[in-house]
Amino acid sequence: MLVEALALSAVLFTIGVVGVLTRRNAIILFMCIELMLNAVNLSFVALSTLYGATGQVFVVFTMTVAAAEAAVGLAIIIAIFRHTRSVNLQNINLLKG
Amino acid sequence: MLANQFHSLFYAFGFYLFGLVAIASAVAFVTRKSPVAAAMWLVNVMFCLAALYVMLDAQFIAAMQVLVYTGAIMVVFLFVIMLLNLGHPSELADARGRWGYIFATFIGLVMLAEVMALNRANTIERMIPPDLAARAAAAAATPLAGGIIGPVAAPLFNEYLLAFELTSVLLLAAIVGAVVLGKRRTDAR
Amino acid sequence: MMHPAMIPEGAHPLAATVARFVWLLPLLPLLGFLINGTLAMLGAAKVGPADPSAGHDSDDHGHGAAHGHDAHDAHHAPTRHKYAAITSLVGPGVLVAAFGLAVACFFAMRSVDMERPFLLTLFQWMPVGDLNLTASFLLDPLSMVMVLVITGVGMLIHIFSVGYMQDDPGYPRYFAYLNLFVFFMLVLVLGGSYPLLFVGWEGVGLCSYLLIGFWFSEKANADAGKKAFIVNRIGDFGFLVAMFLMFANLGSLDIATVAEKAVELPMGGAIVTAMALFLFLGCTGKSAQIPLYVRLPDAMAGPTPVSALIHAATMVTAGVYLVARSSAIFSMAPMAQLVVALVGALTAFFAATIGLKQWDIKKVLAYSTVSQLGYMFIGVGVGAYVAGVFHLVTHAFFKALLFLGSGSVIYVMHAAYHATHNHDDAQDMRNMGGLKTYMPVTFYLMWIATLAIAGIPLFSGFFSKDEILGSVFARISHSTLAEATLFGVPGGTILLIVYVLGLASALMTAIYMTRMMLYTFHGPNRTGEAERSHLTEAPWIMTGPLVVLAALAAFGGWLNVPELLSAVGPVGSLDHWLEPVVGEAALRTTLGAAPHVTHQTELMLVGTAIAIAVAGIAFALLRLKPAALVPKKDSPAATGISRVLENKYFVDEGYDAAIVQPTLAVSRAVLWKGLDAGIIDGLFVNGSALLARAFGWMGSQLQTGQVGTYAWVLLIGVITLLGAFTFR
């Protein structure tokens, strides 16, 4: 089932990428990123059947980082929302060069 | 023998089932207009992945997936959506239009094709050791020394102890950051 | 850095003696350099920037020191450096210690069998691929001789400098440079590998540059320093190429290994000849031979003791040392040897003719040095390495004496002019005359040196010069050189030319040295009425070293007495001493047999040499009339051949017209206006700025602020990368 698991991982990752490219809602964008992280986790777990439990340790780390990222990211979104009354990324272009 | 064959057939069926459900849910997730609906579809993807983790002998990770991802992170997402009162479908959420979708899907397919081609060309076939089945059978026959969690916990608290401790610092920083960013400015003049 | 815990190579008998401390030899002057350098910087910080021109009110270039020397000079209070006392102890002190150690090493070496050199490995230096260089010191009879000369003569010159430079504001700086020079010079002669030798070689060049330009606030001095530095670079290029050739063909840069392997190359082959010629190119730079000799006379811009130490006794002889050190290579390349001897002879002759008509006392000595260096190269060129080194040693004695003596004269002259605020040239012999009544000690001592350099029997120069000329003569008939050809000319003919040029130079040497003595010390005094009362003997700290050097110049010839004069002392001491180092190479040149000339021939040769020396002195005494001279400011411009000689054959002008000016013109027209202003400034500098701005503008257009755009760009990058991996 290894090959299938890796293929599934790639498909889910791609769906996450397509989501990032198409959606403008910041929260949904975030969730797409979570989906991509999950896809990577799946390949870690799948490969850990070959190479031992180290891959699973990495999954634990990924989850931790994802949690931290979600906390900070959502806090930023809240701050932005307070400022612009919107979570649409098209309205947020302070970085324009 | 028969039981064994049946077992592996059932295993394959389960794997494909959960995999396809995950893909379908993911597609549904990126296409929903309502953020709440999207979040619920994502939760479904995660459940499916948890099931796959179990089938891949990563029971501990499966439990973590349910507890941390679905139970904590996604709840935070939903909480924020409701806090900001974004629950209704937003037209702005899909401002790209049809061509945006088509082009993005095309790009995604190109990327997927490339990844698949890479995998086919190099790695997976060669990565699988010839005695994988024998090894897996041997592993299944011998009871694990530390149970299910032992193999994960041992490297986590030995080799990766420093990284583990650093993640605690990271979490602390994230908490402080979230609080600072999220609280209202009371001293605003 | 250097650590006493060294690995003695094998079990050399010297390893058990005081010679195991040979690493201290260079370290002592280095210590002196550090102390004096620190003092120089401390003093400079306290009294403000050391202005070398302070109290230096004369506009003539390169005269002696003695700024504000006279106590009764109201306008210039002595600007003695505040740490001068410590420097006076440390500067010469480290040299005295080093000389003591060198003498101890010498006696240790005498008591053991020196069949193989003592190699002291200090630490690993550069392990790069096949090249494994160690910092190692090679102590053998040849380097021992050089160490004794450097530390011995160096010590005397350091002591002399205490008096000569006492009132210079840059006193500690001067001694710091001088100590550093001795350090590098010792590294040069003790270096166990060519790269380490090269470190010393470059280091002495640096110190030479620093000391020539010691009074750098005058442009002429700074220019002279630069000239020396740049001309030396040409020679260093040759040395470097020679080292590359060694490594490429012999696989090693250790002096001992190179010597072993060089003799396995084909005799007279292209590789070994190229090696020898490139080494010799290095020597022409360092030792001021044609065509790179022009820097040495200009180098007289430095303080006179510097001229004595660096530009007469030690550094300029480094080339001679290098040829003797590489005797194995040179002996395998007879054609290169012929080149060395011929260049040496031409330089000796050429410089001697210029010396005939110089008026600046230091310039006379400078051209004399060039000429004598030519002699040394004749010696080492014809494979008479001992004769060349012998002349190196005796020359170090008498030329150091001459320079220091002239230093005393300049010191006194300058002090006299300084006291009366006269701005005349303190180095021009036309302004001197009759100094023997005022400076009797210097007068007698310098006559000893003059007789030595002229080759009057039983003075040191006689022995060494005679040995060189005798060696040339002996090799005309029976040697590898005679069998070789140079540009189709048989080697025997070339050696004959060399011999004749050598004789002619000897004659002129006697003439111009006598001329110098006549014009400086004899006849009426032309200094001036007011100045005359200020003329007096230099202080004892300056005359003391002169006395020691005079003794050496007089009796230094006893080092290597020829068989013919076995009555006066032990025969061939230096021959025996250097036999383990250069004996084999010398024998190869002379086809395995000791060079032999019949007794009658030898008598005739010696007789010729004596006759020439006496004739030269007699000619000068009879024909030159010091009484007819007038001071410089009243002298008419020279005409005819005198003018050509006085202007050094216009070689400097020729180099200027042929090399310097075209280079400048090309630099201006092509390199500056075209390349620098046009291409570099226009295309590269402004062009790259324009390019950066264009790219910056394009990049700024990418910065839409839209996260979606960034994601798209990112993804395109990912796809490109993945594609590159996929379709690799």
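Mentor: A helix here is a DSSP run of H or I at least four residues long, and a strand is a run of E of at least two, both numbered from the N terminus. Leu683(C) lies in such a run, helix α25 (residues 651–702) of chain C.

Trainee: What should I know about the model and its numbering?

Mentor: This is a predicted model, in which local features need pLDDT of at least 70 and side-chain atom pairs count only at pLDDT 80 or more, while totals for chains, interfaces and linings use all residues. Residues are numbered from 1 along each chain as its sequence is written, chains are lettered from A and ligands numbered from 1 in the order written, and side-chain values use heavy atoms, without hydrogens or water.

Trainee: Why is Leu683(C) called exposed?

Mentor: Exposed means over 50% relative accessible area, buried under 20%, and partly exposed in between, with a 1.4 Å probe and protein chains only. Leu683(C) has 54%, so Leu683(C) counts as exposed. Leu683(C) also belongs to a nonpolar surface patch with about 750 Å² of accessible area together, whose members include Val666(C), Ile679(C) and Phe684(C).

Trainee: What makes those residues a patch?

Mentor: Patch residues have over 30% relative accessible area and no salt bridge; nonpolar side chains (Val, Leu, Ile, Met, Phe, Trp, Tyr) are joined within 5 Å, like charges within 9 Å.

Trainee: Is Val204(C) buried or exposed, and what surrounds Val204(C)?

Mentor: Val204(C), in helix α5 (residues 194–212) of chain C, has a relative accessible area of 0% and is therefore buried. Leaving aside neighbours within four places in sequence, Val204(C) is in contact (heavy atoms within 4.5 Å) with residues including Phe181(C), Leu188(C) and Met315(C).

Trainee: What makes Asp140(C) and Arg325(C) a salt bridge?

Mentor: The term needs a side-chain nitrogen of Lys or Arg within 4 Å of a carboxyl oxygen of Asp or Glu. The closest N and O atoms of Asp140(C) and Arg325(C) are 2.7 Å apart, so the pair qualifies. The pair links distant parts of the chain, 185 residues apart: Asp140(C) is in the loop between β3 (131–139) and α3 (141–164), and Arg325(C) in helix α11 (residues 318–325). Asp140(C) is buried because its relative accessible area is 4%, and Arg325(C) is buried at 6%.

Trainee: How do you know that Lys226(C) and Asp223(C) form a salt bridge?

Mentor: Their closest N and O atoms are 3.6 Å apart, so this pair also qualifies. Both residues lie in helix α6 of chain C, three residues apart, about one turn of the helix. An α-helix has 3.6 residues a turn, so residues three or four places apart point the same way. Lys226(C), at 42%, is partly exposed, as is Asp223(C), at 29%. Elsewhere, salt bridges that share partners join Glu202(C), Arg233(C) and Asp236(C) into one network.

Trainee: Why is the span of α15(C) called close to the expected one?

Mentor: The expected span is 1.5 Å times one less than the number of residues. Helix α15 (residues 385–419) of chain C has 35 residues and reaches 49 Å from its first C-alpha to its last, close to the expected 51 Å.

Trainee: Where is the kink in α15(C) centred?

Mentor: The kink is centred on His395(C) and comes to about 25°, taken as the angle between axes fitted to the seven residues ending there and the seven starting there. As for cover, 35 of the 35 residues of α15(C) are buried.

Definitions and conventions: Accessible areas come from the Shrake-Rupley method with a 1.4 Å probe; for residues, only the protein chains shown count as cover.
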